[in-house]
Amino acid sequence: MLFQLSEEQLMIQQAARDFAQNELRPGVIERDEHQKFPAEQVKKLGELGFLGMMVSEKFGGSGLDAVSYVLVMEELSKVDASASVVVSVNNSLVCYGLEAYGSEFQKEKYLKPLASGQQIGAFCLSEPEAGSDATSQQTTAEDKGDYYLLNGTKNWITNGSTASTYLVIAQTHPDLKHKGINAFIVEKGMEGFTIGPKENKMGIRGSDTHSLMFNDVKVPKENRIGEDGFGFKFAMKTLEGGRIGIAAQALGIAAGAYELALAYSKQRKSFGKPISEHQAIAFKLADMATQIEAARMLVYKAAWLKDQGLPYTLAGSMAKLFASKVAMDVTVEAVQVHGGYGFVKEYHVERLMRDAKITQIYEGTSEIQQMVISREILR
Ligand code: CAA
(Lines give C-alpha, C1' and ligand atoms only; values in the text may rest on other atoms or scores of the structure.)
Protein backbone atom coordinates (compact mmCIF):
# COMPACT_ATOMS: atom_id res chain seq x y z
CA MET A 1 0.00 0.00 0.00
CA LEU A 2 1.49 3.31 -1.10
CA PHE A 3 0.33 6.44 0.76
CA GLN A 4 2.11 8.78 -1.59
CA LEU A 5 0.91 11.30 -4.13
CA SER A 6 2.62 11.41 -7.54
CA GLU A 7 4.72 14.40 -8.66
CA GLU A 8 1.88 15.48 -10.92
CA GLN A 9 -0.72 15.24 -8.13
CA LEU A 10 1.52 17.27 -5.81
CA MET A 11 1.90 19.97 -8.50
CA ILE A 12 -1.86 20.14 -9.02
CA GLN A 13 -2.41 20.33 -5.26
CA GLN A 14 0.09 23.21 -5.02
CA ALA A 15 -1.56 25.04 -7.94
CA ALA A 16 -4.95 24.77 -6.22
CA ARG A 17 -3.45 25.90 -2.89
CA ASP A 18 -1.87 28.96 -4.54
CA PHE A 19 -5.10 29.77 -6.34
CA ALA A 20 -7.10 29.52 -3.13
CA GLN A 21 -4.75 31.81 -1.23
CA ASN A 22 -4.13 34.34 -4.01
CA GLU A 23 -7.44 34.45 -5.84
CA LEU A 24 -10.12 33.17 -3.48
CA ARG A 25 -9.03 34.47 -0.08
CA PRO A 26 -9.19 38.19 -1.03
CA GLY A 27 -12.84 39.15 -1.09
CA VAL A 28 -14.23 35.89 0.29
CA ILE A 29 -15.80 37.62 3.32
CA GLU A 30 -17.48 40.27 1.13
CA ARG A 31 -18.77 37.70 -1.33
CA ASP A 32 -20.28 35.75 1.56
CA GLU A 33 -21.77 38.89 3.11
CA HIS A 34 -23.34 40.13 -0.15
CA GLN A 35 -24.11 36.68 -1.62
CA LYS A 36 -21.91 37.52 -4.59
CA PHE A 37 -21.14 34.72 -7.02
CA PRO A 38 -17.35 34.37 -7.58
CA ALA A 39 -17.69 34.92 -11.33
CA GLU A 40 -14.14 36.11 -12.07
CA GLN A 41 -12.65 33.37 -9.93
CA VAL A 42 -14.74 30.68 -11.62
CA LYS A 43 -13.59 31.96 -15.02
CA LYS A 44 -9.98 31.58 -13.90
CA LEU A 45 -10.69 28.12 -12.49
CA GLY A 46 -11.92 27.20 -15.97
CA GLU A 47 -8.73 28.56 -17.54
CA LEU A 48 -6.69 26.41 -15.14
CA GLY A 49 -8.60 23.34 -16.31
CA PHE A 50 -10.28 22.79 -12.93
CA LEU A 51 -13.84 22.72 -14.28
CA GLY A 52 -13.42 19.63 -16.44
CA MET A 53 -10.66 17.89 -14.57
CA MET A 54 -11.55 14.27 -15.30
CA VAL A 55 -12.91 14.78 -18.81
CA SER A 56 -10.67 13.50 -21.58
CA GLU A 57 -8.70 16.09 -23.53
CA LYS A 58 -10.64 15.10 -26.65
CA PHE A 59 -13.69 16.80 -25.12
CA GLY A 60 -11.90 19.84 -23.76
CA GLY A 61 -11.06 18.44 -20.32
CA SER A 62 -7.80 18.02 -18.42
CA GLY A 63 -7.74 14.22 -18.51
CA LEU A 64 -6.76 13.93 -14.84
CA ASP A 65 -7.66 11.38 -12.20
CA ALA A 66 -10.20 11.55 -9.38
CA VAL A 67 -7.43 11.78 -6.76
CA SER A 68 -6.22 15.02 -8.37
CA TYR A 69 -9.80 16.24 -8.36
CA VAL A 70 -10.27 15.68 -4.62
CA LEU A 71 -6.93 17.36 -3.93
CA VAL A 72 -8.16 20.44 -5.77
CA MET A 73 -11.55 20.33 -4.02
CA GLU A 74 -9.83 20.11 -0.65
CA GLU A 75 -7.54 23.08 -1.25
CA LEU A 76 -10.22 25.35 -2.71
CA SER A 77 -12.66 24.45 0.06
CA LYS A 78 -10.19 25.41 2.77
CA VAL A 79 -10.81 28.97 1.67
CA ASP A 80 -14.04 29.29 -0.30
CA ALA A 81 -16.67 26.56 -0.39
CA SER A 82 -18.94 28.79 -2.50
CA ALA A 83 -16.39 28.57 -5.30
CA SER A 84 -15.57 24.91 -4.74
CA VAL A 85 -19.19 23.81 -5.05
CA VAL A 86 -19.19 25.18 -8.60
CA VAL A 87 -16.12 23.05 -9.31
CA SER A 88 -17.79 20.04 -7.74
CA VAL A 89 -21.10 20.29 -9.56
CA ASN A 90 -19.53 21.05 -12.93
CA ASN A 91 -16.98 18.23 -12.69
CA SER A 92 -18.89 15.47 -10.94
CA LEU A 93 -22.52 15.95 -11.76
CA VAL A 94 -22.49 17.61 -15.14
CA CYS A 95 -19.27 16.76 -17.03
CA TYR A 96 -18.98 13.24 -15.64
CA GLY A 97 -22.60 12.45 -16.46
CA LEU A 98 -22.25 13.74 -20.02
CA GLU A 99 -18.97 12.01 -20.75
CA ALA A 100 -20.05 8.68 -19.26
CA TYR A 101 -23.57 8.53 -20.66
CA GLY A 102 -24.03 11.25 -23.30
CA SER A 103 -24.17 10.72 -27.07
CA GLU A 104 -21.36 11.91 -29.36
CA PHE A 105 -23.61 14.80 -30.41
CA GLN A 106 -24.18 15.78 -26.77
CA LYS A 107 -20.49 15.57 -25.96
CA GLU A 108 -19.53 17.73 -28.93
CA LYS A 109 -22.22 20.32 -28.37
CA TYR A 110 -22.52 20.49 -24.58
CA LEU A 111 -19.60 18.75 -22.89
CA LYS A 112 -16.79 20.60 -24.70
CA PRO A 113 -17.72 24.13 -23.53
CA LEU A 114 -18.45 22.83 -20.02
CA ALA A 115 -15.23 20.86 -19.65
CA SER A 116 -13.08 23.68 -21.01
CA GLY A 117 -14.66 26.13 -18.57
CA GLN A 118 -16.30 28.38 -21.16
CA GLN A 119 -19.66 27.54 -19.62
CA ILE A 120 -20.90 26.05 -16.40
CA GLY A 121 -23.63 23.52 -15.84
CA ALA A 122 -26.28 22.63 -13.29
CA PHE A 123 -27.74 19.32 -12.14
CA CYS A 124 -31.47 19.46 -11.51
CA LEU A 125 -32.89 16.59 -9.50
CA SER A 126 -34.39 18.07 -6.28
CA GLU A 127 -37.96 19.29 -6.27
CA PRO A 128 -40.23 20.95 -3.71
CA GLU A 129 -41.67 17.50 -2.89
CA ALA A 130 -38.76 15.26 -3.93
CA GLY A 131 -35.47 15.80 -2.10
CA SER A 132 -34.20 12.63 -0.45
CA ASP A 133 -37.01 10.63 -2.09
CA ALA A 134 -35.65 11.21 -5.55
CA THR A 135 -37.82 8.57 -7.25
CA SER A 136 -40.93 10.72 -6.61
CA GLN A 137 -40.25 13.14 -9.45
CA GLN A 138 -43.20 15.43 -10.18
CA THR A 139 -41.57 17.20 -13.13
CA THR A 140 -42.95 15.60 -16.27
CA ALA A 141 -41.47 15.13 -19.73
CA GLU A 142 -44.21 14.14 -22.13
CA ASP A 143 -43.07 12.37 -25.28
CA LYS A 144 -44.37 14.35 -28.27
CA GLY A 145 -42.57 12.55 -31.07
CA ASP A 146 -39.47 14.53 -31.96
CA TYR A 147 -39.45 16.50 -28.72
CA TYR A 148 -40.42 16.24 -25.04
CA LEU A 149 -42.67 18.75 -23.30
CA LEU A 150 -41.15 19.57 -19.94
CA ASN A 151 -43.27 20.86 -17.04
CA GLY A 152 -42.47 21.28 -13.37
CA THR A 153 -40.30 22.97 -10.76
CA LYS A 154 -36.81 22.18 -9.49
CA ASN A 155 -35.52 23.42 -6.14
CA TRP A 156 -32.13 24.29 -4.61
CA ILE A 157 -30.30 24.23 -7.90
CA THR A 158 -26.63 25.12 -7.60
CA ASN A 159 -25.43 27.40 -10.45
CA GLY A 160 -29.15 28.06 -10.99
CA SER A 161 -28.77 31.38 -12.82
CA THR A 162 -25.11 31.23 -13.87
CA ALA A 163 -25.28 27.91 -15.74
CA SER A 164 -25.82 27.66 -19.48
CA THR A 165 -26.59 23.95 -19.57
CA TYR A 166 -28.94 22.14 -17.20
CA LEU A 167 -29.26 18.39 -16.74
CA VAL A 168 -32.90 17.97 -15.76
CA ILE A 169 -34.44 14.80 -14.37
CA ALA A 170 -38.13 14.28 -15.17
CA GLN A 171 -40.82 11.61 -15.23
CA THR A 172 -41.94 10.38 -18.66
CA HIS A 173 -43.88 7.23 -17.73
CA PRO A 174 -45.38 7.72 -14.23
CA ASP A 175 -46.81 4.17 -14.24
CA LEU A 176 -43.24 2.81 -14.45
CA LYS A 177 -42.12 4.83 -11.38
CA HIS A 178 -38.31 5.24 -11.34
CA LYS A 179 -37.97 3.14 -14.51
CA GLY A 180 -39.95 5.82 -16.37
CA ILE A 181 -37.63 8.70 -15.44
CA ASN A 182 -35.41 10.42 -18.01
CA ALA A 183 -32.56 12.93 -17.92
CA PHE A 184 -32.51 15.82 -20.39
CA ILE A 185 -30.14 18.56 -21.45
CA VAL A 186 -31.93 21.89 -21.25
CA GLU A 187 -30.40 25.13 -22.45
CA LYS A 188 -30.80 28.46 -20.75
CA GLY A 189 -33.09 30.59 -22.90
CA MET A 190 -35.34 27.77 -24.09
CA GLU A 191 -38.87 29.10 -24.26
CA GLY A 192 -40.87 28.44 -21.09
CA PHE A 193 -37.78 27.99 -18.88
CA THR A 194 -37.60 30.59 -16.07
CA ILE A 195 -35.30 31.04 -13.12
CA GLY A 196 -36.68 31.93 -9.68
CA PRO A 197 -35.08 34.33 -7.17
CA LYS A 198 -31.77 33.50 -5.50
CA GLU A 199 -32.06 31.67 -2.17
CA ASN A 200 -30.82 33.60 0.88
CA LYS A 201 -28.76 30.85 2.51
CA MET A 202 -27.02 30.26 5.84
CA GLY A 203 -23.80 29.06 4.18
CA ILE A 204 -22.06 28.87 0.80
CA ARG A 205 -23.72 32.24 0.33
CA GLY A 206 -21.60 33.13 -2.69
CA SER A 207 -22.97 30.17 -4.61
CA ASP A 208 -25.89 30.67 -6.85
CA THR A 209 -28.92 28.65 -5.69
CA HIS A 210 -32.32 29.00 -7.36
CA SER A 211 -35.60 27.31 -8.13
CA LEU A 212 -36.19 26.64 -11.80
CA MET A 213 -39.56 26.57 -13.51
CA PHE A 214 -40.37 24.67 -16.71
CA ASN A 215 -43.60 25.53 -18.43
CA ASP A 216 -44.18 23.63 -21.68
CA VAL A 217 -40.47 23.70 -22.54
CA LYS A 218 -39.84 21.85 -25.81
CA VAL A 219 -36.73 19.72 -25.40
CA PRO A 220 -35.46 18.06 -28.60
CA LYS A 221 -35.37 14.28 -28.48
CA GLU A 222 -31.62 14.25 -29.13
CA ASN A 223 -31.22 15.96 -25.74
CA ARG A 224 -32.41 12.94 -23.79
CA ILE A 225 -29.45 11.23 -22.11
CA GLY A 226 -29.32 7.47 -22.70
CA GLU A 227 -32.17 5.10 -23.42
CA ASP A 228 -35.77 5.88 -22.53
CA GLY A 229 -36.12 5.30 -18.76
CA PHE A 230 -32.41 5.60 -17.94
CA GLY A 231 -32.78 8.89 -16.03
CA PHE A 232 -32.93 7.58 -12.47
CA LYS A 233 -29.89 5.33 -12.90
CA PHE A 234 -28.15 8.26 -14.57
CA ALA A 235 -28.85 10.44 -11.52
CA MET A 236 -27.70 7.76 -9.06
CA LYS A 237 -24.50 6.93 -10.94
CA THR A 238 -23.66 10.60 -11.31
CA LEU A 239 -24.35 11.34 -7.64
CA GLU A 240 -22.01 8.53 -6.57
CA GLY A 241 -19.07 10.50 -7.93
CA GLY A 242 -20.57 13.77 -6.73
CA ARG A 243 -20.55 12.47 -3.17
CA ILE A 244 -16.77 12.03 -3.34
CA GLY A 245 -16.45 15.66 -4.45
CA ILE A 246 -18.62 16.91 -1.59
CA ALA A 247 -16.73 14.69 0.85
CA ALA A 248 -13.56 16.43 -0.36
CA GLN A 249 -15.26 19.78 0.10
CA ALA A 250 -16.15 18.85 3.69
CA LEU A 251 -12.57 17.71 4.27
CA GLY A 252 -11.28 21.03 2.96
CA ILE A 253 -13.64 23.08 5.11
CA ALA A 254 -12.49 21.14 8.19
CA ALA A 255 -8.82 21.44 7.26
CA GLY A 256 -9.15 25.16 6.54
CA ALA A 257 -10.74 25.82 9.92
CA TYR A 258 -8.15 23.66 11.69
CA GLU A 259 -5.23 25.49 10.03
CA LEU A 260 -6.67 28.83 11.14
CA ALA A 261 -7.23 27.56 14.70
CA LEU A 262 -3.71 26.13 14.86
CA ALA A 263 -2.10 29.38 13.71
CA TYR A 264 -4.27 31.47 16.02
CA SER A 265 -3.52 29.26 19.03
CA LYS A 266 0.21 29.84 18.60
CA GLN A 267 -0.02 33.60 18.58
CA ARG A 268 -2.88 34.29 21.00
CA LYS A 269 -1.66 34.49 24.60
CA SER A 270 -3.61 33.94 27.80
CA PHE A 271 -2.40 33.39 31.34
CA GLY A 272 1.12 34.31 30.21
CA LYS A 273 1.60 31.85 27.34
CA PRO A 274 0.26 30.97 23.88
CA ILE A 275 -3.09 29.23 24.23
CA SER A 276 -1.67 26.25 22.27
CA GLU A 277 0.40 25.53 25.37
CA HIS A 278 -2.74 25.06 27.44
CA GLN A 279 -3.76 21.43 27.38
CA ALA A 280 -7.44 22.36 26.93
CA ILE A 281 -6.54 23.84 23.52
CA ALA A 282 -3.73 21.43 22.59
CA PHE A 283 -6.04 18.43 23.07
CA LYS A 284 -8.74 20.04 20.94
CA LEU A 285 -6.16 20.53 18.18
CA ALA A 286 -5.03 16.92 18.53
CA ASP A 287 -8.60 15.67 18.10
CA MET A 288 -9.24 17.97 15.16
CA ALA A 289 -6.06 16.84 13.37
CA THR A 290 -6.92 13.17 13.94
CA GLN A 291 -10.49 13.51 12.68
CA ILE A 292 -9.29 15.35 9.58
CA GLU A 293 -6.67 12.73 8.80
CA ALA A 294 -9.26 9.95 9.13
CA ALA A 295 -11.63 11.84 6.80
CA ARG A 296 -8.79 12.39 4.35
CA MET A 297 -8.07 8.65 4.20
CA LEU A 298 -11.71 7.88 3.39
CA VAL A 299 -11.94 10.61 0.75
CA TYR A 300 -8.70 9.69 -1.00
CA LYS A 301 -9.58 6.00 -0.90
CA ALA A 302 -12.97 6.60 -2.52
CA ALA A 303 -11.30 8.64 -5.29
CA TRP A 304 -8.61 6.01 -5.73
CA LEU A 305 -11.21 3.25 -6.09
CA LYS A 306 -12.92 5.31 -8.78
CA ASP A 307 -9.60 5.71 -10.60
CA GLN A 308 -9.00 1.96 -10.45
CA GLY A 309 -12.40 1.27 -12.01
CA LEU A 310 -13.46 -0.50 -8.79
CA PRO A 311 -16.87 -0.08 -7.10
CA TYR A 312 -16.97 3.09 -5.01
CA THR A 313 -20.63 3.46 -3.95
CA LEU A 314 -19.90 2.36 -0.38
CA ALA A 315 -16.59 4.21 -0.05
CA GLY A 316 -18.05 7.44 -1.48
CA SER A 317 -21.01 7.43 0.89
CA MET A 318 -18.79 6.57 3.87
CA ALA A 319 -16.42 9.39 2.93
CA LYS A 320 -19.27 11.87 2.63
CA LEU A 321 -20.98 10.77 5.84
CA PHE A 322 -17.80 10.92 7.87
CA ALA A 323 -16.10 13.96 6.33
CA SER A 324 -19.23 16.10 6.61
CA LYS A 325 -19.57 15.23 10.32
CA VAL A 326 -15.89 16.07 10.77
CA ALA A 327 -16.45 19.38 8.97
CA MET A 328 -19.23 20.26 11.40
CA ASP A 329 -17.34 19.16 14.53
CA VAL A 330 -14.02 20.70 13.58
CA THR A 331 -15.43 24.06 12.51
CA VAL A 332 -17.38 24.36 15.78
CA GLU A 333 -14.16 23.66 17.69
CA ALA A 334 -12.20 26.11 15.53
CA VAL A 335 -14.64 28.86 16.52
CA GLN A 336 -14.22 27.81 20.15
CA VAL A 337 -10.41 27.99 19.94
CA HIS A 338 -10.74 31.53 18.59
CA GLY A 339 -13.04 32.55 21.49
CA GLY A 340 -14.81 35.86 20.84
CA TYR A 341 -12.76 36.47 17.69
CA GLY A 342 -14.18 33.29 16.21
CA PHE A 343 -17.62 34.81 16.34
CA VAL A 344 -16.76 37.72 14.06
CA LYS A 345 -16.44 37.52 10.31
CA GLU A 346 -12.85 38.75 9.91
CA TYR A 347 -11.47 35.53 11.37
CA HIS A 348 -13.11 33.31 8.71
CA VAL A 349 -13.99 30.39 11.01
CA GLU A 350 -17.62 31.36 11.57
CA ARG A 351 -18.13 31.29 7.78
CA LEU A 352 -16.49 27.86 7.53
CA MET A 353 -18.79 26.67 10.32
CA ARG A 354 -21.86 27.90 8.42
CA ASP A 355 -20.55 26.44 5.16
CA ALA A 356 -19.88 23.05 6.77
CA LYS A 357 -23.57 22.39 7.38
CA ILE A 358 -24.53 22.07 3.74
CA THR A 359 -22.12 19.16 3.28
CA GLN A 360 -24.47 17.12 5.52
CA ILE A 361 -27.42 18.05 3.33
CA TYR A 362 -26.69 18.29 -0.39
CA GLU A 363 -25.97 15.40 -2.75
CA GLY A 364 -27.79 13.23 -0.24
CA THR A 365 -28.24 14.01 3.45
CA SER A 366 -26.25 12.11 6.08
CA GLU A 367 -29.31 9.92 6.55
CA ILE A 368 -29.28 9.05 2.83
CA GLN A 369 -25.60 8.09 3.11
CA GLN A 370 -26.48 5.88 6.10
CA MET A 371 -29.20 4.30 3.97
CA VAL A 372 -26.79 3.63 1.08
CA ILE A 373 -24.09 2.30 3.43
CA SER A 374 -26.43 0.05 5.40
CA ARG A 375 -27.89 -1.40 2.20
CA GLU A 376 -24.39 -2.13 0.89
CA ILE A 377 -23.15 -3.79 4.07
CA LEU A 378 -26.37 -5.76 4.63
CA ARG A 379 -26.68 -6.90 1.06
N1 CAA B 1 -26.35 3.07 -9.08
C2 CAA B 1 -27.16 2.51 -10.00
N3 CAA B 1 -28.47 2.27 -9.76
C4 CAA B 1 -28.94 2.61 -8.56
C5 CAA B 1 -28.15 3.19 -7.56
C6 CAA B 1 -26.79 3.41 -7.87
N7 CAA B 1 -25.96 3.96 -6.99
N8 CAA B 1 -28.91 3.44 -6.47
C9 CAA B 1 -30.14 3.01 -6.78
N10 CAA B 1 -30.14 2.53 -8.04
C11 CAA B 1 -31.26 1.94 -8.75
C12 CAA B 1 -31.72 0.64 -8.07
O13 CAA B 1 -30.97 -0.45 -8.51
C14 CAA B 1 -33.16 0.59 -8.50
O15 CAA B 1 -33.22 0.11 -9.83
P16 CAA B 1 -33.96 -1.28 -10.19
O17 CAA B 1 -35.38 -1.14 -9.73
O18 CAA B 1 -33.81 -1.39 -11.67
O19 CAA B 1 -33.22 -2.34 -9.43
C20 CAA B 1 -33.57 2.04 -8.57
O21 CAA B 1 -32.38 2.79 -8.71
C22 CAA B 1 -34.32 2.49 -7.35
O23 CAA B 1 -33.49 2.29 -6.26
P24 CAA B 1 -34.03 2.10 -4.81
O25 CAA B 1 -35.14 1.09 -4.79
O26 CAA B 1 -32.85 1.84 -3.94
O27 CAA B 1 -34.68 3.52 -4.54
P28 CAA B 1 -35.02 4.20 -3.17
O29 CAA B 1 -36.04 5.20 -3.48
O30 CAA B 1 -35.29 3.19 -2.12
O31 CAA B 1 -33.64 4.89 -2.74
C32 CAA B 1 -32.03 6.63 -2.82
C33 CAA B 1 -32.82 5.61 -3.59
C34 CAA B 1 -30.63 6.07 -2.61
C35 CAA B 1 -32.60 7.03 -1.51
C36 CAA B 1 -32.02 7.82 -3.79
O37 CAA B 1 -33.34 8.31 -3.95
C38 CAA B 1 -31.13 8.93 -3.34
O39 CAA B 1 -29.91 8.86 -3.51
N40 CAA B 1 -31.72 10.03 -2.80
C41 CAA B 1 -30.97 11.22 -2.49
C42 CAA B 1 -31.02 12.16 -3.64
C43 CAA B 1 -29.88 13.12 -3.63
O44 CAA B 1 -28.74 12.79 -3.35
N45 CAA B 1 -30.19 14.36 -4.00
C46 CAA B 1 -29.18 15.33 -4.13
C47 CAA B 1 -29.61 16.39 -5.09
S48 CAA B 1 -28.34 16.89 -6.17
C49 CAA B 1 -27.50 18.10 -5.37
O50 CAA B 1 -27.57 18.30 -4.19
C51 CAA B 1 -26.59 18.82 -6.26
C52 CAA B 1 -26.20 20.18 -5.79
O53 CAA B 1 -26.84 21.13 -6.11
C54 CAA B 1 -24.94 20.36 -5.05
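Student: Before the labels, what kind of model is this?

Tutor: This is a predicted model. Let's begin with the strands.

Student: What makes β3 and β7 a pair of strands?

Tutor: A pair needs at least two bridges. Strand β3 and strand β7 (residues 209–220) have nine bridges, in the antiparallel sense, so they qualify as paired.

Student: What lies between β2 and β3 in the hairpin?

Tutor: Three residues separate the two strands of the hairpin, and G145 in the turn has a positive phi of about 100°.

Student: Moving to charges, why is the contact between E75 and R17 called a salt bridge?

Tutor: Their closest N and O atoms are 3.1 Å apart. The cut-off is within 4 Å, so the pair counts as a salt bridge. This one links distant parts of the chain: E75 sits in helix α4 (residues 66–79), R17 in helix α1 (residues 7–24), and they are 58 residues apart.

Student: Are E75 and R17 buried, partly exposed or exposed, and how do you know?

Tutor: E75 has 2% relative accessibility, so this residue counts as buried, since buried means under 20%. R17 has 29% and counts as partly exposed, because that class lies between the 20% and 50% limits.

Student: What makes K43 and E47 a salt bridge, and how are they placed in the helix?

Tutor: The closest N and O atoms of K43 and E47 are 3.3 Å apart, which is within 4 Å, so the label applies. K43 and E47 are four residues apart in helix α3 (residues 39–47), which means about one helical turn separates them. K43 has a relative accessible area of 54% and is therefore exposed. E47, at 58%, also counts as exposed, because exposed means over 50%.

Student: Which residue meets K154 in a salt bridge, and where is the partner?

Tutor: The side chain of K154 meets that of E127, at 2.9 Å from N to O. K154 lies in β3 and E127 in the loop between β1 (121–124) and β2, 27 residues apart. Both K154 and E127 are buried. Elsewhere, salt bridges that share partners join R17, E75, K78 and E259 into one network.

Student: How many salt bridges does the structure hold?

Tutor: There are 21.

Student: What does L76 touch?

Tutor: Setting aside residues up to four places away in sequence, L76 touches A16, F19, A20, L24, L45, S84 and V87.

Student: Why is F59 called buried, and where is it found?

Tutor: F59 is in the loop between α3 and α4. Its relative accessibility is 4%; the limit is under 20%, so F59 is buried. Leaving out residues up to four places away in sequence, F59 touches E99, E104, K107, E108, L111, K112 and A115.

Student: Last topic: which element gives the most to the lining of the largest pocket?

Tutor: Helix α7 does, with seven residues. The lining has 44 residues, of which G131, L239, R243, E363 and G364 lie nearest the centre of the pocket. The elements giving two or more residues are α5 (81–101), β3, α7, α10 (349–358) and α11 (366–378). About 1400 Å³ of space lies in this pocket.

Key. Residues are numbered from 1 along each chain as its sequence is written. This is a predicted model: local features need pLDDT of at least 70, side-chain atom pairs count only at pLDDT 80 or more; totals for chains, interfaces and linings use all residues. Side-chain values use heavy atoms; hydrogens and water are left out. Contact means heavy atoms within 4.5 Å. Buried means under 20% relative accessible area, exposed over 50%, partly exposed in between (1.4 Å probe, protein chains only). On a 1 Å grid over the protein atoms alone, a cavity is a set of points where a 1.4 Å probe fits but cannot get out, and a pocket is an open set with protein on both sides within 12 Å along at least five of seven lines; lining residues have an atom within 4 Å of a point. Grid points are joined across faces, edges and corners, and a volume is the space filled by probe spheres set on the points.
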